[in-house]
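Here is a short report on one structure. It follows a pair of aromatic rings and then the surroundings of a ligand.

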Amino acid sequence: MVARKVHDEFHLAWKLAVISTDQFSPADIDEIFMVAGRMAAQPGHPLAGKTLANLFYEPSTRTSSSFHAAMTRLGGSVIPINEVHYSSVSKGESLEDTVRTLACYVDIIVLRHSDDDAAERAVKVCDVPIINGGNGTGEHPTQALLDLYTIWKERGRIDGLTVTMMGDLKYGRTVHSLAKLLRMYDVGLNFVSPETLRLPKEYLRDGDRQFAGLDQVIADTDVLYVTRVQKERCAPDPTIDISYAVTADDMARAAPDMVLMHPLPRVGEIPPELDTDPRAAYFRQMKYGLFVRMALLATMLGWG
Ligand code: NCD
């Protein structure tokens with residue numbers, strides 16, 4: 001079990017398992033982005049004969065279907081377990097046994113689970129590469145990679161930008177992963193959230209700025225990254241107003257080349273009226289995500 005051996009030695013190589021954005025160096029990211037560019041142009045079918053298992057214990061539209069599309073575009077096939085209730089999980093099978101079972105049939109597994117330690121537990125018993133497709137409130141490393149790729153494609157650089165993250169910064173795993181990735185670059189970070197949904201201390205660094213609203217930061221923001229309240233992970237106090245949204249006024253005050261992003265799904269934080277604004281990048285973001293996920297699958301399965 002190569003992944004387990006490497007894991008036990010603590011340094012987990014991302015080509016064996018993608019668990020956290022901590023595993024990537026800037027050179028790794030350059031490599032993934034270079035391959036993503038080739039994937040957008042002419043991928044061919046390098047993964048013909050390979051199979052991916054999409055093991056999703058939590059709802060998903062984008063992550064599961066983009067990995068599915070990525071694998072089939074590369075010539076591979078997919079075992080989709082998007083609704084674990086129809087699998088032996090409903091009979092009480094453990095995560096470990098389910099992962100061990102799928103590893104007998106497939107070459108790589110994407111796992112989404114509500115437990116923060118799920119991906120680490122899975123790696124310990126799995127002898128094929130695993131990709132963390134979201135572990136509870138912890139991380140969502142492939143989303144962060146595609147978010148970073150979107151910033152790079154839209155702005156042509158990452159260094160020197162000011163990124164403002166707005167929303168549920170406490171429970172939002174995409175924010176946690178992206179904040180860690182952005183720390184590897186010369187990027188200014190602002191965090192805008194309701195008081196009760198602030199970024200946990202472990203992700204904060206000296207120089208970060210925290211705000212209750214967009215007013216003070218919108219004009220100086222190069223990238224505005226918005227997330228929804230993770231209501232399945234917290235029980236908001238109905239007496240406290242935690243609603244927030246980007247408005248047309250905010251966009252009028254924002255720079256003409258600001259990039260507006262959202263991992264989606266959105267539930268009111270960005271009104272559909274803003275979709276036609278050329279700065280609204282959240283649909284392009286999904287397309288970039290397909291190429292980044294193709295790059296990850298191809299590279300982890302030994303292409304190139
Ligand atoms: C995110 C997730 O699952 O964490 N969705 C996604 O993968 N694009 C964000 C969310 O659900 O709010």
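## A ring pair and a ligand shell

Tyr 149 is buried, at 2% relative accessibility (buried means under 20% relative accessible area, with a 1.4 Å probe and protein chains only). Phe 33 is buried too, with a relative accessible area of 6%.

This is a predicted model, where local features need pLDDT of at least 70, side-chain atom pairs count only at pLDDT 80 or more, and totals for chains, interfaces and linings use all residues. Residues are numbered from 1 along each chain as its sequence is written, and side-chain values use heavy atoms, without hydrogens and water.

Rings of Phe, Tyr and Trp (its six-membered ring) pair if their centres lie within 6.5 Å. The count comes to six aromatic pairs. The ring centres of Phe 33 and Tyr 149 are 4.9 Å apart and the planes stand at 65°, so this pair is edge-to-face (planes over 60 degrees apart). Phe 33 sits in helix α2 (residues 26–41) and Tyr 149 in helix α6 (residues 141–155), 116 residues apart in the chain. Ring pairs also bring in Trp 152 and Tyr 288, making a cluster with Phe 33 and Tyr 149.

Now the ligand. The residues around the ligand include Arg 62, His 140 and Leu 264 (a heavy atom within 4 Å). Three polar contacts (N or O atoms within 3.5 Å) follow.

| Protein atom | Ligand atom | Distance |
|---|---|---|
| Gln 143, polar side-chain atom | nitrogen | 3.3 Å |
| Arg 228, polar side-chain atom | oxygen | 2.7 Å |
| Pro 263, polar backbone atom | nitrogen | 2.9 Å |

The protein covers 94% of the 320 Å² of accessible area that the ligand has on its own (Shrake-Rupley method, 1.4 Å probe).

Notes:
A polar contact is a pair of N or O atoms within 3.5 Å; within protein, one must be able to donate a hydrogen and the other to accept it, and residues adjacent in sequence count only if both atoms are side-chain atoms. Rings of Phe, Tyr and Trp (its six-membered ring) pair if their centres lie within 6.5 Å; planes under 30 degrees apart count as stacked, over 60 as edge-to-face and the rest as tilted. Helices (H or I, at least four residues) and strands (E, at least two) are DSSP runs, numbered from the N terminus. Buried means under 20% relative accessible area, exposed over 50%, partly exposed in between (1.4 Å probe, protein chains only).
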